[in-house]
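Here are some notes for a first look at this protein. Please keep the structure open while reading.

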Amino acid sequence: MSDRTMAWQVLLFVSLSGLSSVHGQIVYSVPEEMTKGSVVGNIAQDLGLDVKRLKSGKARIYTGDGTEYIGLNKDRGVLLIKDRIDREALCGQTTPCALHFQVILESPMEFYSVTVEITDINDNPPHFEKDEVFFKISESATNGAKFVLERAMDLDVGVNSLQGYSLTPSENFILKLLPQEDGSKNVEMVLQKPLDREKQDQISLVLTAVDGGNPQLSGTAQIRISVLDANDNAPVFTQAAYKAVITENAPRGTLMTTVSASDLDQGPYGKVTYSISNTLDDVRQLFGINEYSGEVTLIGSVDYEKARHYQINVRASDQGGLTDSCKILVDVLDTNDNAPSISIMSKSNVISEDSTQGTAVSILNVQDLDSGENGKVRCAINENIPFSLKTTSSDFFSLVTDDELDRERNSGYNITVTCSDEGVPSLSSSATLTLQISDVNDNAPLFEKSEYVASVLENNSPGLSIFTVKARDVDWNQNARVSYILEESSISGVSVSSYVSVNAESGVVHAVRSFDFEQLKDFTFYIRAQDGGSPPLSGNVSVKIFIQDQNDNSPQVLYPVQTSGSLVAEMVPRSADVGYLVTKVVAVDVDSGQNAWLSYKLLKATDRAIFEVGAQNGEIRTIRQVTDKDAVKQKLTVVVEDNGQPSRSATVNVNVALADSFPEVLSEFSDFTHDKDNNDTLTFFLVLALAVVSFLFIVSIIAILSVKCYRWRRERMFYKSNGHLPVIPYYPPLYGDSVGTGTLQHVYNYEVCRTTDSRKSDLKYGRPYTESIISLDTNGVQTLPHADMETLVSDDSKNQVWSIN
């Protein structure tokens, strides 16, 4: 690369900082026509950036029109020539000529404005539109006659543009340059020596145009002059300059102005025609002139954004070849014919819901090619969204967050940016940005209920599914994946995991063991729902399980006690009234509810006409007066049933003695024990009798003597008590009673004092007398402890407490 093409320099660097983005501007100057790959400047160094930042920020170049003459080498941090730059094609005569683009970086979002000024090189020689120019000049033309020549065009600017003309040979004519307001120069050929047609009727001249470049370039045109007879008056315009105004986008054929020139000659020499002599700015493609009337009209389309002023050079010619010139200065008026243009320089497609306020999500460039009020732009976004649009610099806007984001309320936004100018009528354009909100784990799982209550039947099979807990997490994906965990606790000193388990995925609660209502009626535990976020969030819920009772226990008879060693009987005096309370069958059922509601029925009886059983309380009472004809020995079978489905039952045998004295009872009950179920024990006793017959013979002799002695002593005791035997029912401790069920809920010990008249009997709480029933052994031998005998003798004969073994 030559020294000339390397003669670029950094002109200006200004750094500005704005909201979450960095804005800067840097200006370079490079000559046109530099070869591809040439270095424009070290952008990383000039901006104070690390080359690594260019890579991590995905640095790129943004141009509004999409044309990229300059490329970015991120590895070296330099700007390179990417395509051939022709200043004349790019800017024409406009100076200075510059390329404007932005360097965009992301993460965080930054952009820098870069201007590359394209300097001119002398690569275009001056040239004439026509290689040959013809004039007809009368020989009568006087010295000083002026002939306007076509200007040469040089696409270069500055010192490289057109600088001067020369005319050879210069015997009859000299050149005169006339400066114009726009800086250009009109060239005129001035007659300095009269022509003589008789000497030379054709003259050939060479017009040379040169520029100021190094090396200097030039262009030539041939001027051919035909010498005519006398035409001594040239056309003259009424004005040297005309002014016209036209609105852009005006229709073709619009009349702009009319020029006029007069010629004092007569005949053909006085007839004037008009023409446009411009050879630059496409003037003759935009404007036309009537060669006879001088009316200037619009024949093309003018655009204020492309050119705001035009200069039309008009020439008036007569038939004798004499000319005059004038100019028309045309001002183009702007109309609001351009809507604002919105360019998205950079944008984020996804933003986290925990982003702080003021986070930039997009940078927009908005331009309106119109001017004045027509080019003033205001931008806004749709309402009720947590974003705002802020101006960072001229024509640049940043779209930032201005409120908290919540993916659970809105998972995404369609943000419409609308920009309107202030023209009349106003023009607008819009662009839509789609932004997704990414999830963070900011919501804990929430159970559908504040507390779960469930029930399960006792005796369930292990592994039974009891019920399901359900928790929901309004987060997304892994953050919303809920797992269920059984919180560690204990129930009666045993880990809750020995009772229930919970499926981590489905939340189904299973029974680990079979439950027994009689041991455990209910229990409470806790389940934790935990999401899959990092860190995870969780929520707890309490679960209460009620064990439902099943009728899995039969009633248990507490009284009368069934013994296998001796016979128990209840004594009823023959003088007992109707409704006399013989005894009370006491039973309990460890089940609950209706499964524990007991009812009593008389299943079998020696004489059903004498006794009845209370269906609810189990009391055995007489239903008629006892007579002498009734057998002393009465056996009742009472069945106790619960109210379960199906019901369970138990039976109890109650032996009743209808007698007024013990001797009478003893005589009748000597063989009472043989009423038992002999079928069950017959074989056993036969075998036992054969084995111990000898031993029993000896023991029987001794037993008979002992029984005789005790019987004699009992007879004397009964005769002293008027011969009546009280019936003392036995109520064992620790049995429950519910109203109407035949059971008690409290623990009582009873001491019962009975008289011959049951209506005068008394009951007081105290130590239970386990000896308050008749106890007969299988041999019919009765015993009475000595201590009890003394107690009986000392008591009132009308209130005796009997204790008999």
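**Notes on the predicted model**

1. Start with I701. This residue lies in helix α6, which covers residues 678-720. The model is a predicted one.

2. How exposed is I701? The residue is partly exposed, because its relative accessible area is 46% and partly exposed means between the 20% limit for buried and the 50% limit for exposed.

3. I701 also belongs to a nonpolar surface patch.

4. Now turn to strand β6, residues 78-81. V78 and L80 point one way, while L79 and I81 point the other way. All of these residues are buried. Side chains in a regular strand alternate between the two faces of the sheet.

5. Which strands pair with β6? One is β5, residues 70-73, which runs antiparallel to β6 and is joined to it by four bridges. G71 has L80 as its bridge partner in β6. Strand β3, residues 39-41, is also antiparallel to β6, with two bridges between them. Here G41 stands opposite L79.

6. β5 and β6 form a hairpin, with four residues between them. G77 sits in that turn and has a positive phi of about 75°.

7. Last, the whole protein. It has seven helices and 55 strands. Of its 805 residues, 44% count as buried. The accessible surface comes to about 41300 Å², and carbon and sulfur atoms account for 50% of it. Among contacts between residues at least 6 apart in sequence, 67% join residues at least 24 apart.

Notes: Residues are numbered from 1 along each chain as its sequence is written. This is a predicted model: local features need pLDDT of at least 70, side-chain atom pairs count only at pLDDT 80 or more; totals for chains, interfaces and linings use all residues. Side-chain values use heavy atoms; hydrogens and water are left out. Patches are made of residues with over 30% relative accessible area and no salt bridge: like charges are joined within 9 Å, nonpolar side chains (Val, Leu, Ile, Met, Phe, Trp, Tyr) within 5 Å. Accessible areas come from the Shrake-Rupley method with a 1.4 Å probe; for residues, only the protein chains shown count as cover. A salt bridge is a side-chain nitrogen of Lys or Arg within 4 Å of a carboxyl oxygen of Asp or Glu. Buried means under 20% relative accessible area, exposed over 50%, partly exposed in between (1.4 Å probe, protein chains only). Two strands pair if DSSP finds at least two bridges between them. Contact means heavy atoms within 4.5 Å.
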